[in-house]
Amino acid sequence: MSETLNGRRVLVTGATSGIGAAIAEAVVAAGGRVALVARSADDLARQAERLGDGAVAVPADVTDADAIAAAVEQAAEHLGGLDAVVCSAGVVHPGGILETTPSDWQSMFDVNVLGVLNTVHGTLDRLREADPADVVVVSSMSGRRRSSVAMGVYAASKFAVHVVSDSLREELAPEGVRVTVISPGFVDTPIFDHVADDETRARYQETVSTQGLDPAAVAANVVHALAQPAGVNLVEIAIMSTNQG
Ligand SMILES: NC(=O)c1ccc[n+]([C@@H]2O[C@H](COP(=O)([O-])OP(=O)(O)OC[C@H]3O[C@@H](n4cnc5c(N)ncnc54)[C@H](OP(=O)(O)O)[C@@H]3O)[C@@H](O)[C@H]2O)c1
């Protein structure tokens, strides 16, 4: 896809790694400008430098509504407004409900669900000034069907993301703000690198590296959604590798 974003200004969360990093890169390559959000200021600064003049780093934790609102204002001042937000920040703690802990469940709902709500809430005033304006939410194939017991609570958080996005689409359509859900299957990213148990970490790392999509493929579809003509809302793009069993 060789689509152009004509200088559209896009805030991307989770922009230092995996899918979010690929989205930021694809937006800049398509002629857009990006504000990069994640918690690690050092990683963000490196990513912004790599992307050049079209990128600005605005560190924030998406679970902190005030911090994300402040980062959005910093981004909008730097870019002269915002046309779109892409929520890619997310975490997974694999394991059955009986094997995982309340803090694992809390973390997945805090980042994957409340993080999306905080980010969209924080950007809305800026998006209302744009035409067209976009909210793109990176959910998962796990938000359409639970893949395994080990993904039960993660899937619950992603099902919630789908419902929240459907509600937002209906609420925001009269204001001209489009809402798109991206639902990837496995993607080859470091998302499982933090898993403490050696055997579980190695198994999932092997799965995403052998069965996962290149994050650039997901990013190209995000650009495709952002490049739609005014008045056209791509509701959902579900995408998986042909290698995924
Ligand atoms: N990889 C897959 O197989 C796959 C499949 C389907 C859907 N997804 C979804 O795709 C999205 C991106 O996943 P990924 O695979 O790209 O993961 P990743 O490589 O682990 O990247 C996660 C990004 O989110 C940021 N982040 C995490 N917690 C955050 C917080 N509280 N506040 C702000 N930023 C935070 C991380 O940076 P910091 O740690 O510095 O904050 C990092 O930039 C997630 O929503 C995930 O659920 C992934």
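Visitor: Hey, what covers the buried residues of H3?
Guide: The cover includes strand E1 (9-13), strand E2 (33-37), strand E3 (55-57) and helix H4 (102-128). Keep in mind that this is a predicted model.

Visitor: OK, and which residues of H3 are the buried ones?
Guide: They are Ile-68, Ala-71, Val-72, Ala-75, Ala-76 and Leu-79. Seen down the axis of H3, these buried residues fall within an arc of 135°, so they line one face of the helix.

Visitor: What about the face turned away from that buried side, which exposed residues does it carry?
Guide: That face of H3 carries Asp-66 and Glu-77, and both are exposed.

Visitor: How far apart are the end C-alpha atoms of H3?
Guide: They are 21 Å apart. Helix H3 covers residues 65-79, which is 15 residues, and at 1.5 Å a residue it should span 21 Å, so the two values agree.

Visitor: And what comes just after H3?
Guide: Gly-80 does, and it takes a positive phi of about 80°.

Visitor: Let's zoom out. How many helices and strands are there in the protein chain?
Guide: There are seven helices and seven strands. Going along the sequence, the pattern reads β-α-β-α-β-α-β-α-β-α-β-α-α-β.

Visitor: What share of the residues is buried?
Guide: Buried residues make up 46% of the 245 in the protein chain.

Visitor: And the contacts, how many join residues at least 24 apart?
Guide: Take the contacts between residues at least 6 apart in sequence: 70% of those join residues at least 24 apart.

Visitor: New topic, the ligand. How many residues surround it, and which are the closest?
Guide: 32 residues surround the ligand, and the closest are Gly-14, Gly-18, Arg-39, Gly-90 and Thr-189.

Visitor: Which helix gives the most to that shell around the ligand?
Guide: H1 does, with three residues. H1 (18-29) and H4 each supply at least two residues of the shell.

Visitor: How do the shell residues divide into nonpolar, polar and charged?
Guide: The shell around the ligand has 15 nonpolar residues, 14 polar ones and three charged ones.

Notes: Residues numbered from 1 in each chain as written. Predicted model: local features only at pLDDT ≥ 70, side-chain atom pairs only at ≥ 80, totals over all residues. Helix = DSSP H or I, 4+ residues; strand = E, 2+ residues; numbered from the N terminus. Buried ≥ 20, exposed ≤ 12 C-beta atoms within 10 Å, placed from the backbone. Contact = placed C-beta atoms within 7 Å. Expected span 1.5 Å × (residues − 1). Arc of directions from axis to C-beta. Near = placed C-beta within 6 Å. Nonpolar A, V, L, I, M, F, W, Y, C, P; charged D, E, K, R; others polar.
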